[in-house]
Amino acid sequence: MTVRAMALGLLAGALSVGGLLAAPTPAHAEVSARKAEAVTGLRLAKPTTSGDRAGFTAKWRRTTGARGYRLRWSTSPTMSPATGAGPRGTSYVLRNLPQGVSVCVQVRAKLRSGKGPWSPVVCRTTPRLDRVAPPWVDGQRLEGAPASTVAVTLTWPRTIGATSYQVDWAPGSGDVQRSSAKKTGGAAVSGTPAEHRTIGGLTPNRTYCFQVRAVGKWGTGLRSTKACKLTMPLDRGVPASSFGLTMATWNVCSYMCRSWSARSAAVNARIVNDMDADVVAVQEALNATPTMNAGLTGYTRACQVGDNNPAPLPGTQAGRQSLFVRTSSYAVVPGTNRGILFSPVSGEDNTKGACWVELIDRASGQHVVVVSVHLMPGGAARHDRYRGAQMQALLTAIAARYPAGAPPIVLGGDLNSYRGKYDDLPRVRLEAAGFRDAFEVAGHYGSPTFRSSMNNWSVVPRSIYPWGNHLDHVFASAGVHVASWRLDEPTTATAAGDRYSRLLSDHSPVIVSLLIPAAALTPR
């Protein structure tokens with residue numbers, strides 16, 4: 001072989017080896033193809049809220065050769081556990097996600113040759129729009145001249161993230177959303193801690209229920225708990241001429257609860273310094289009545305169980321129910337005080353009774369009868385019947401003292417009953433006699449109406465929807481306007497919600513302000 005031939009051979013071999021080195025291996029070809037098949041541009045867009053759930057739309061760029069895609073999502077960036085779907089296009093709507101949590105997604109292409117690689121993980125926090133806290137009616141008024149309809153004002157705490165609110169209402173106490181008579185309106189964000197919506201044109205003396213939900217940037221929130229309200233009757237408007245009376249009723253639990261001696265001074269101080277009540281009706285007062293006689297500065301005991309009773313009371317019963325009057329506002333009509341114990345029922349609590357007295361308003365000279373009453377406890381239907389009989393006995397006894405007709409009457413006490421508890425016969429008997437519950441007909445409410453007057457020594461307010469299931473009531477006779485109603489229980493706002501700060505009994509005082517029609521009454 002010549003030298004030239006040998007050189008050409010070596011060059012050819014070198015070129016052949018270089019060619020072999022430059023040619024792609026099958027593994028390199030697969031990696032390159034998979035990079036080309038990887039999904040890009042994944043993002044989470046269009047956040048939404050609906051009720052207590054949230055959603056996103058996952059979007060990505062089209063992958064060449066893709067016959068579809070596999071999408072998976074998880075609340076963990078490790079994607080375990082994960083939920084999957086198989087969209088054919090380049091977007092997918094994720095629904096029913098929890099609100100306010102990080103949601104992570106990945107997507108890969110389905111290829112003719114198999115599956116593409118998972119895209120990088122993309123995470124985003126779902127939007128949050130809280131459920132509106134329970135609303136309540138904090139005011140109502142008669143509309144028109146003459147009055148023919150009622151307007152109520154609904155209130156609820158501000159909801160973070162709300163840009164407006166949707167308010168639904170319907171007559172009756174049933175499901176608002178299923179009512180064929182449901183109406184819907186909007187409410188603007190006020191910029192204050194409390195939101196409001198006034199709804200007019202309602203039928204007087206009729207129950208309506210309401211629900212509210214927040215509307216935010218991304219959608220709507222969950223509807224609130226139902227709030228219900230009996231609207232003001234036409235005969236409970238502001239009288240043309242009237243005199244005022246503020247009554248408090250308070251079951252102080254002085255002989256069935258823990259040490260009265262440790263609470264008595266604080267109870268007296270709250271009545272004298274904080275309540276601003278003309279009349280204080282007290283129940284379970286066996287131990288309280290003597291200490292209040294001495295400790296309620298500016299008040300006088302106007303009546304108690306046992307006063308002017310034709311027969312001696314059995315055992316130690318005097319003072320179990322009593323009533324105190326602020327002497328600067330009202331004078332007691334001598335000899336009008338009386339206190340009765342209800343007829344005993346075998347096997348039941350027979351310590352309940354009532355007292356009443358006639359007063360004169362010092363400013364106007366008008367007369368009014370005020371009552372403190374405590375009815376039998378018990379959760380059975382028979383107890384409702386017993387309570388109805390006790391209330392009827394009380395009304396009959398008062399009427400017997402006024403054969404020519406009594407002045408206006410205001411009755412406060414622990415009735416151990418509320419609307420919806422069996423037939424609520426105490427209320428039925430009172431309404432038949434022309435009385436109405438101040439809780440139902442008040443023009444203004446100074447505390448949430450769903451908070452029960454029976455606190456049961458819990459610093460967490462007992463919220464019972466929709467009525468509050470109050471055991472403690474003030475009823476007023478025909479024509480009396482109830483200007484306001486409130487629970488008088490000091491409350492402190494905490495991170496966990498409102499908390500009672502100075503509980504002094506297992507019941508909270510109920511205080512109402514009344515405007516009583518003035519009339520030319522003959523002194524009695």
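**Charges, rings and a sheet**

A: Let's start with a charge over a ring: the charged end of Arg 72 sits over the ring of Trp 118, 4.1 Å from its centre. Keep in mind that this is a predicted model.

Q: Which ring does the charged end of Arg 258 sit over?

A: That of Trp 457, with the charged end 3.7 Å from the ring centre.

Q: What about rings with rings: how many aromatic pairs does a search of the whole structure find?

A: Seven aromatic pairs turn up. Take Trp 60 and Tyr 69: their centres are 5.5 Å apart and their planes make an angle of 65 degrees. Planes over 60 degrees apart count as edge-to-face, and this pair is labelled that way.

Q: Are Trp 60 and Tyr 69 buried or exposed?

A: The cut-off for buried is under 20% relative accessible area. Trp 60 has 5%, so it's buried. Tyr 69 is at 1%, so it counts as buried too.

Q: Which residues do ring pairs link into a cluster?

A: Phe 439, Tyr 445 and Trp 485.

Q: Now the sheet of three strands: what order do the strands have?

A: Read it as E9-E10-E13, an open sheet with antiparallel pairing. E9 (136-143) and E13 (194-202) are the edge strands; each has a single partner strand, so one side of each has no neighbour in the sheet. On average, neighbouring strands here are turned by 20 degrees against each other, ignoring direction.

Q: How many bridges join E10 and E13?

A: Seven, in the antiparallel sense, with E10 covering residues 149-157. For one to look up, Leu 154 has Arg 197 in E13 as its bridge partner.

Methods: Residues are numbered from 1 along each chain as its sequence is written. This is a predicted model: local features need pLDDT of at least 70, side-chain atom pairs count only at pLDDT 80 or more; totals for chains, interfaces and linings use all residues. Side-chain values use heavy atoms; hydrogens and water are left out. Two strands pair if DSSP finds at least two bridges between them. Helices (H or I, at least four residues) and strands (E, at least two) are DSSP runs, numbered from the N terminus. Axes are lines fitted to C-alpha atoms, for helices over the stretch in contact, and angles run from 0 to 180 degrees between N-to-C directions. Rings of Phe, Tyr and Trp (its six-membered ring) pair if their centres lie within 6.5 Å; planes under 30 degrees apart count as stacked, over 60 as edge-to-face and the rest as tilted. Buried means under 20% relative accessible area, exposed over 50%, partly exposed in between (1.4 Å probe, protein chains only). A charge sits over a ring if NZ of Lys or CZ of Arg is within 6 Å of the ring centre and within 35 degrees of the ring normal.
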